[in-house]
Amino acid sequence: MTAAAPPGPGAAPRPPVLGLTVLYDARCSLCAFLKKWLSGQAQLVPLRFVPAGSEEAARSYPGLDHRATLDEITVVGDGGQVYQGAAAWIVTLWALRDFRPLAHRLSTPAGARLARGATLAAAKWREAQASRRWRGGAYEWGDGWSYHPTAGWTFEPPACDSGGCTTVPSR
């Protein structure tokens, strides 16, 4: 966990967490599913979702390694706290009314091992999904960019039947 340690004796108490921003990979189907699921849960601490690697994320959090936020879930507290990986999942569950008790169990040493295992399993699944984008030596991404070893990078905008295309941040 990359959050700051609790203050020592005589130190000023940390401010309460009143909001969390979840940086998620908008091109990942698992991430999009989890964003939708989290949005539908009762929240004790409001969750805001920002696509990782986006201009909004860069403006809001200039000190973060935004390339790393595309590889590993990152959650930022309104007081500047930064959580990554398993700690990010735990703090996100802590923000949810029905999952706060689970978050407390996962924050123990034994629970943290379980949370880390779940995080690694999700990362392995994401990696397997990303590897499917490589087809016959060419790499295709859903935002219109593709790479072919002989032709290099090309861009063909996705077709919009309804006229309401959504933009996807570039990597």
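**A tour from the salt bridges to the cores**

Asp98 has a relative accessibility of 48% and therefore counts as partly exposed. Select it together with Arg97 in this predicted model: the two residues form a salt bridge, with 3.0 Å between the closest N and O atoms. Arg97 is likewise partly exposed, its relative accessible area being 48%.

The structure has 3 salt bridges. For another, select Glu56 and Arg48, whose closest N and O atoms are 3.0 Å apart. Glu56 is partly exposed at 30% relative accessible area, and Arg48 is partly exposed at 35%.

Next, display Arg27 and Asp25, whose side chains meet in a salt bridge at 3.8 Å, N to O. Here Arg27 counts as buried, at 14% relative accessibility, and Asp25 is also buried, at 5%.

Turn now to the largest nonpolar core, which comprises 24 residues. Select Leu20, Val22, Leu47, Phe49, Val75 and Tyr83, the members that touch the most others. At least two core residues come from each of β1 (20–24), α1 (29–39), β2 (47–51), α4 (86–94) and α5 (100–106). The greatest contribution is that of α4, with 6 residues.

Colour α4 by burial: 7 of its 9 residues are buried, namely Ala86, Ala87, Ala88, Ile90, Val91, Thr92 and Leu93.

Then centre on Leu20 and show its surroundings. Beyond its neighbours within four places in sequence, Leu20 is in contact with Val45, Pro46, Leu47, Arg48, Val75, Val76, Gly77, Val91 and Ala95.

Finally, select Ala57, Leu64, Leu70 and Val76, which are among the 9 residues of another core, apart from the largest one.

Notes
Residues numbered from 1 in each chain as written. Predicted model: local features only at pLDDT ≥ 70, side-chain atom pairs only at ≥ 80, totals over all residues. Heavy atoms only, no water. Core = buried A, V, L, I, M, F, W, Y, C linked by side-chain atoms within 4.5 Å. Buried < 20%, exposed > 50% of the residue type's maximum accessible area, 1.4 Å probe, protein only. Helix = DSSP H or I, 4+ residues; strand = E, 2+ residues; numbered from the N terminus. Contact = heavy atoms within 4.5 Å. Salt bridge = Lys/Arg side-chain N within 4 Å of Asp/Glu carboxyl O.
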